[in-house]
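The following exercises are to be worked with the sequence and the model at hand.

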Amino acid sequence: MTTGPAALPGLTGRLLDLLGPGGVITDPVRLRTYECDGLTYHRATPGVVVLPETAEQVAAVVRACHETGTPFVARGSGTGLSGGALPRTDGVLVVTSRLRRILELDIPNRRAVVEPGVTNLAISEAARPYGYYYAPDPSSQQICTIGGNVAENSGGAHCLKHGFTVNHVLAVELVTPQGEIVELDAMDPGYDLLGAFIGSEGTLGIATKITVRLSREPESVTTLLAAFPDVESGGVAVSAIIGAGVLPSAIEMMDALAIEAAEAAVRCDYPAGAGAVLIVELDGPVAEVAHEFAQVERLCRESGAFAVRVADDPARRAAIWKGRKSAFAAVGRISPAYLVQDGVVPRTALPAVLAGIEELSARYGIRVANVFHAGDGNLHPLVLFDDAEEGAAERAETVSGEILDLCLRHGGSITGEHGVGVDKSRYMTKMFTEEELDTMQLVRCAFDPAGLSNPGKIFPTPRLCGEAPGVRKGVHPLVASGEADLF
């Protein structure tokens, strides 16, 4: 039997037998649709794309890959920001977007059973008529899938109080790298294999059914927007709020450049002259929220806030969140290209790290807009550059890497919620020793000894595929060949 990269042409015929022509993509133009995820900096055209509709089809595809030694990568909506779903040119990309059924809403037991292609927001929309919702809320929740959330252990603005994906998944049905369908349940005795699977970035298998915890809608929600002259005074307010024992459901901050981008894109009408805005949201019983809100407002004003807005109905809260929710995409209005970084530091280190980012920005002549989950120290610096300028992309990547160095020097991490993917695998050696990385590999190899499930991610191993992922420069190959037009 032919195995390895040479097996792909023969494997494609087998995949067509399994899924039919409607479930397999080989056309080079359509394959380009899947050449990157939300981090467009890294691109690689998949060898073949499959669109299974059932768990059994996913298992059959993976078994075929296992038997021929073909690498495979799972992908949901492709909103990830670390290249975690970057395909292999010599492999199969398994797209789960057709697995999008909500199988069960079990309100008495406060849980929902869904397929991996269901979007994050769709779970809350289905549960809301019963007074429940799904708590983790990435900014891309309108389109990102729960399967991707499980792979990356995604977070969101409200995870400060309510926790990440790992805190809300009760069970997962998955296809192992050998093509078996198995179940992992939080109630299983012994080792926490469910915990190991969540956040493993697709290296331990492909989720095909996920049981999530539903949370009760809070009795009261109040959102406050406070404008500060600079990021430093906003940071003082964050420390004061947490130090007072108040635990908001969200504390988000945007600096002046991020505000400028949001205003240009969505006209969010934040207070004029703000060097930083802080969004604080409180939820819970009415009396508790009212009591804590008075504290938060006082602490913001004492820390230097010159304008405060309050919203306690859905429409006005949405208006406050409008700028923050659109911030990542909004920077496209003020910069031709940008990198999104995702480092974490202790809250007390925020002022020093933000000052360090400012210094890096000045030294390399690269603008950096800061949007971050201030409450849990999760930074999202947006490193802006002009990809038409010679050397700008390289300088931006240098700044991006040095920001992670800053985070590590201050006791932080190279990722808070976006995962390691292909983008940060080279930084793993800065955070972990060789022995620690070897230990992680032992866990990975226990699931996938052949290394076929999303290879090249997380661990700093040499790339093996024929077309090295990387930054595409110059005219797109399909435009050059006349197969596509650039609009």
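**Exercise 1.** Within what distance do the axes of helix α8 and helix α10 come, and at roughly what angle do they cross?

*Solution.* The model is a predicted one, in which local features need pLDDT of at least 70 and side-chain atom pairs count only at pLDDT 80 or more, while totals for chains, interfaces and linings use all residues. Residues are numbered from 1 along each chain as its sequence is written, and side-chain values use heavy atoms, with hydrogens and water left out.

Step 1. Locate the helices: α8 covers residues 231-243 and α10 covers residues 286-302. Helices (H or I, at least four residues) and strands (E, at least two) are DSSP runs, numbered from the N terminus.

Step 2. Consider the axes, which are lines fitted to C-alpha atoms, for helices over the stretch in contact, with angles running from 0 to 180 degrees between N-to-C directions. The two axes come within 9 Å and cross at roughly 145°.

Step 3. Identify the residues that meet. Ala-237, Ala-240 and Ile-241 of α8 are in contact with Val-296, Leu-299 and Cys-300 of α10, where contact means heavy atoms within 4.5 Å.

**Exercise 2.** Which residue forms a salt bridge with Arg-101, and which parts of the chain does the pair tie together?

*Solution.* Step 1. A salt bridge is a side-chain nitrogen of Lys or Arg within 4 Å of a carboxyl oxygen of Asp or Glu. The search of the whole structure finds 22 salt bridges.

Step 1. The partner of Arg-101 is Glu-115, at 2.8 Å from N to O. Arg-101 lies in the loop between β4 (92-95) and β5, and Glu-115 in the loop between β6 (111-114) and α4 (120-127), so the pair ties together parts that are 14 residues apart in sequence.

Step 2. Compare their accessibility, with buried meaning under 20% relative accessible area, exposed over 50%, and partly exposed in between (1.4 Å probe, protein chains only). Arg-101 is partly exposed at 49%, whereas Glu-115 is buried at 4%.

**Exercise 3.** Where do Glu-359 and Arg-363 lie, and by about how many helical turns are they separated?

*Solution.* Step 1. Both residues belong to helix α13 (residues 350-364).

Step 1. They are four residues apart there, which means a separation of about one helical turn.

**Exercise 4.** What is the phi of Asn-454, and is the residue buried or exposed?

*Solution.* Step 1. The phi of Asn-454 is positive, about 50°, although the residue is not a glycine.

Step 1. Asn-454 is placed in the loop between α16 (434-447) and α17 (477-480).

Step 2. Its relative accessibility is 2%, so Asn-454 counts as buried.

Step 3. Turn to Asn-153, in the loop between α5 (146-152) and α6 (159-162). Its phi is near 50°, again a positive value in a residue other than glycine, and at 21% relative accessibility Asn-153 counts as partly exposed.

**Exercise 5.** How far apart are Ala-264 and Arg-333 in sequence and in space?

*Solution.* Step 1. Ala-264 lies in helix α9 (residues 256-266) and is partly exposed, at 34%.

Step 1. Ala-264 and Arg-333 are 69 residues apart in sequence, yet 6.5 Å apart in space, C-alpha to C-alpha.

Step 2. With neighbours within four places in sequence left aside, Ala-264 is in contact with Arg-333 and Ile-334.
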